[in-house]
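Here is a short tour of some local features of a protein model.

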Amino acid sequence: MTDRRLRYPFRRDTALGVPEEIRDLRSEPVVPVTLPSGDPAVLVTRYADVRSVLTDPRLSRNLARPGAPRMTAGNPMFQDPEIDPDPPEHTRVRRLLAKAFTATRVETMRPHVREVAEELLAVMAERTPPVDLNEAFAFPLTMRVVCDLLGVPLADQELFRAWTDRFFSVGRFGREEIGRAFGEMNQYMRELIAAKRREPADDLVSAMVAVHDHDDGRLNDYELHWWCRLLLLVGYETTATQLGGSVAMLLTESDQLALLRNDLGVVPDAVEELLRWKLVGGSSLSMLRYATADLEVGGVTISAGTGVIPIVESANRDETVFSCPETFDVTRTDNPHITFSIGPHFCLGAALARVELQVALELLLSRFPTLRLAVPADELRRHDGALLEGFVSVPVEW
C-alpha cells in the first residue's frame, strides 16, 4: 500500500467527467485517503475485493462508536448512537421494511409512476424552453412517488427539499443550519406518525406504525421515527439526482441517444449502464465503514480501527469484469454493477429506483424527440459540499 494519502472525494474537471484518480486507482488494492472531516481512511478499489468487504462482518456501519471515522466534521449524518446499523439489529428492522419494497410489489407501482411522469411532462411541454429538467421533472417525479408510498400529504412535499439539502451536507451548510433542519424534520415526523396512528391508511408509514403498536413492539419508538425520516429523505433524492445526471449524460452522447430513440426497448439496459456510471454522486463517501478487526484485502492488511470505503465508482470500471469499461454503451447487457451495493446493506429502494428511471427515460424521449441541452456540457455544474454532488440544474430545450 502506497504511503501517499489522497484527498477524497476526488474532484472532476467537468460535471460529467470522471475524476482522473479513478482511472489508475485499481493498480493498488487499498489506497489511503483523507476524508472531508480530516479523518484518515482507506479505499478498497477492485471489484472482487469490494464485493468481499461489503459482506464482511468485520466491517461495521456503526459510525457512532468511539474512534470511528467521520464523513464530515460539521454534520452527524449516519452517526446515531441509538441506532445500530449492523446485524442482528439492522437485519431485524430491514426484514420488516423489505416487505414493502419487493420487486413484485414495486412493479405494481409502475402504472402510478407512469401517470405522475406523464402529468409532469404535459406541464413541462407547455412551458417556454429552456427548462431546468431537475425542477420540472426529476425531483417532482421522485418526490411524488416516494411521498405517495409513505403517505405524506401532497401539500407537505415541498418542505423536504430544503431539509434533504442540509441532511446531505458535507460542508455546504453550517452546523447551526443543519441542526435547525434536523429539528424541523423531527417535529414533522412526530406529527405525521401521530396522524397515521389516529387515521391509518394504505401506506408505508401506517404499516410501520402498525408494526410498532401491534406486533410485539418489534420497532421501538425511536426506530419508528428514525426509519420513517430516513426513508422519506433518501427515497427521492438519490433517484432524482441519478435521473437528472442520466439525461445530461445521454444528451452529450449523440450516438447512444440515437440508439435509444430508435429503440425504446433498450431503455432498461441503458438505465443499468447509467447506474454503472454512478451519476448519482461523485463518490462512495456514504459507504464508509469501520474495521472492528484486522482483515486482509488484496494481500494488504487493514488494521482494526481503520475507516474503510468500498469505492463503487472504481469497482464499476474494473477491467477484469467489464468489457471496455471506459466506454459508455447503452446496449451493454453483461453489466453486474454494484451501484446499489450488495449484502446486508443492499439498497432497499433499488427496484423502485429502476422502475422510476425506466419510466422517466422512456416517456421523456417519447414526448420530446428533439430534447437537447440548452447550455454547453462544460457549463453544467454540480453542488459542491454535498454528499450526492447532484447537478445544480440541467437546462434543456426542444
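## Rings, charges and backbone

Phe 160 and Tyr 188 are both buried. The model is a predicted one. The ring centres of Phe 160 and Tyr 188 are 5.1 Å apart and their planes stand at 85°, so this pair is edge-to-face. Phe 160 belongs to helix H7 (residues 159-167) and Tyr 188 to helix H8 (residues 175-198), so the pair ties together parts that are 28 residues apart in sequence. Ring pairs also bring in Trp 163: with Phe 160 and Tyr 188 it forms a cluster.

How many aromatic pairs does a search of the whole structure find? The search gives 11. Another edge-to-face case is Phe 340 with Phe 346. Their ring centres lie 6.4 Å apart, with the planes at 70°; the cut-off for edge-to-face is over 60 degrees, so the pair qualifies. The two partners can be taken in turn. Phe 340 has 11% relative accessibility and counts as buried. Phe 346, at 32%, counts as partly exposed.

Two arginines lie over ring faces. Arg 166 sits over the face of Phe 173, 4.2 Å from the ring centre. Arg 317 sits over the face of Trp 277, at 4.6 Å from the ring centre.

Next come residues with a positive phi. Cys 324 has a phi of about 45°, although it is not a glycine. Ser 341 is not a glycine either, and its phi is about 70°. Where is Cys 324 found? Cys 324 lies in the loop between helix H13 (312-315) and helix H14 (350-367). Ser 341 is also placed in the loop between H13 and H14.

Is each of them buried or exposed? Cys 324 has a relative accessible area of 52%; exposed means over 50%, so Cys 324 is exposed. Ser 341 has a relative accessible area of 7%; buried means under 20%, so Ser 341 is buried.

Definitions and conventions
Residues are numbered from 1 along each chain as its sequence is written. This is a predicted model: local features need pLDDT of at least 70, side-chain atom pairs count only at pLDDT 80 or more; totals for chains, interfaces and linings use all residues. Side-chain values use heavy atoms; hydrogens and water are left out. Rings of Phe, Tyr and Trp (its six-membered ring) pair if their centres lie within 6.5 Å; planes under 30 degrees apart count as stacked, over 60 as edge-to-face and the rest as tilted. Helices (H or I, at least four residues) and strands (E, at least two) are DSSP runs, numbered from the N terminus. Buried means under 20% relative accessible area, exposed over 50%, partly exposed in between (1.4 Å probe, protein chains only). A charge sits over a ring if NZ of Lys or CZ of Arg is within 6 Å of the ring centre and within 35 degrees of the ring normal.
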